[in-house]
Amino acid sequence: MRVQALVLATLIAGSAFGQSPDQNINRVFHFTHTQAPQSRQEILNMIRAIAEIQNATVDNSAGILAVSGTSGQIAMAEWLFYNMDRPANAAPPDPGALQFTVAGASNEVARIFYLTNTPPPQAVQEAINAIRAVIEIQRVVAYNASKAIAMRGTVEQMAAVQWLTPLMDKPAGQPTGTNSR
Amino acid sequence: MKGIAPRSGTTNNIMRVFYLRHTETPQAMQEMVNLIRSLGEVQRVVVVNGPKALILRGSADQSALVDWLVQQLDKPPAAASPNTTAVAYQMAADPYSPPVVRLFYPSHIDSPQTLQEVFNMVRAATKIQRSVSYTPTNALALRGTGDQIARAEQILQERDKP
C-alpha cells in the first residue's frame, strides 16, 4: 500500500514537472516607418498595456523594440507592432485584420480602431476617456501618429466600442439627434 | 435617429449618444453632465467636446430621464426662460429614489450668485439632497418627493419677484 502511494506521488510529480510552462521568448522588432521617439514610445506603451508584457524596451539608436514574453504575448505584440509601424499615409488595414483573439481566452480579444475625423491628441484622449468610463474597458491606448486606438476586453465590450466609435468620431457641427443601443 | 434598444439581452444596460445643439461651451456641457449624474444617479455619463456628444450608459429609467433632461436643458438661453416657470418629470415607481424631478426657471433671478443663494436656501429648507443649479439657462434642477418639490416651489415663488 505504502509503495503504491509512493509510486502514485512520483507519477503525479513527474507529470507536473513534465508540463512545460509557456517559456519566455525573446523577440526583436525593427522599426521601418516609425522614426519619432515619441511615436516609438507610444507603440511600446501600447504593447506593454495590451499584450501585458512588462519586459519591453525601445532602443532608439538601433531602431528596435525588444520584448520578452510567452508565445501568446509575443504573437499579440507582433500583431500590434506591424499594425502601428506603418507608413504615415497608409490606408487603414483590412478591418478583419484589426482583431486579435487572446490565446487561451475564448471571450477576450484585442482590437484596433482608427479615428478619421478626430484631431489628435486631445480629442483622441477624450474618446479614450469615454470608452473607459462608459464601457468600462481599462486597457485602452492611443497611437496618435495614425489616430489609432488599441484596446483589450471581452467580445461584448468590443461590440459596444464598435457601435460607439463612429458616433464619437464625427466632424464638429455635423451630428444631430440621438443614437441608442 | 431616435429609439431605445437594450444591450445584449438586458434592458438595464442601455447606451445612448445625445448630440447637443445649443450647449456650446465645454463648461456648459460639463455642467449638464454633473446635473445628470446628480439627479439621475447615473455614473456612466461623459461628454466628448468635439462632436458635442453626451454619452450615457444606464437603465431604461435613467435613459428616459436623461432624454427628458437633455431636451429641457439643451436650449438657447432665451428659449429656456422666463416663459416656462417650471417643468416636471415623474420617475417610474422606485421605493429607493425620490420620484419627482423638476426644473425651475426663475424669471427675476438673473445672476449666478443670486441663483446660488436661492439654491442654498431651497436645499436647506426642503432637505432635498439631489439639487443642482444650471447656469447656462439659469435653471434650478431638483429631485425629491412631491412634498419637497411643492415646498421648493413655494420658496421660489416668494423669492422670484421683481
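The side chains of B:Arg143 and B:Glu41 meet in a salt bridge, with N and O 3.8 Å apart, where a salt bridge is a side-chain nitrogen of Lys or Arg within 4 Å of a carboxyl oxygen of Asp or Glu. B:Arg143 lies in strand 7 (residues 139-144) of chain B and B:Glu41 in the loop between helix 1 (26-40) and strand 2 (44-48) of chain B, so the pair ties together parts that are 102 residues apart in sequence. Helices (H or I, at least four residues) and strands (E, at least two) are DSSP runs, numbered from the N terminus. B:Arg143 is buried, with a relative accessible area of 4%, whereas B:Glu41, at 28%, counts as partly exposed; buried means under 20% relative accessible area, exposed over 50%, and partly exposed in between, with a 1.4 Å probe and protein chains only.

The model is predicted, so that local features need pLDDT of at least 70 and side-chain atom pairs count only at pLDDT 80 or more, while totals for chains, interfaces and linings use all residues. Residues are numbered from 1 along each chain as its sequence is written, chains are lettered from A and ligands numbered from 1 in the order in which they are written, and side-chain values use heavy atoms, with hydrogens and water left out.

A salt bridge also joins B:Arg16 to B:Asp67, the closest N and O atoms being 3.2 Å apart. This pair links distant parts of the chain, since B:Arg16 belongs to strand 1 of chain B and B:Asp67 to helix 2 (residues 60-73) of chain B, 51 residues apart; both B:Arg16 and B:Asp67 are buried.

Six of the six residues of strand 1 (residues 14-19) of chain B are buried, so this strand is largely enclosed by the rest of the structure. In a regular strand the side chains alternate between the two faces of the sheet. Accordingly, B:Ile14, B:Arg16 and B:Phe18 point one way, and B:Met15, B:Val17 and B:Tyr19 the other way. Strand 1 of chain B is joined by six bridges to strand 3 (residues 53-58) of chain B, and the two run antiparallel; strands pair if DSSP finds at least two bridges between them. Three bridges also join strand 1 of chain B to strand 8 (residues 178-180) of chain A, again antiparallel, with B:Val17 as the bridge partner of A:Asn179.

In chain A, A:Glu52 forms a salt bridge with A:Arg139, the closest N and O atoms being 2.4 Å apart.
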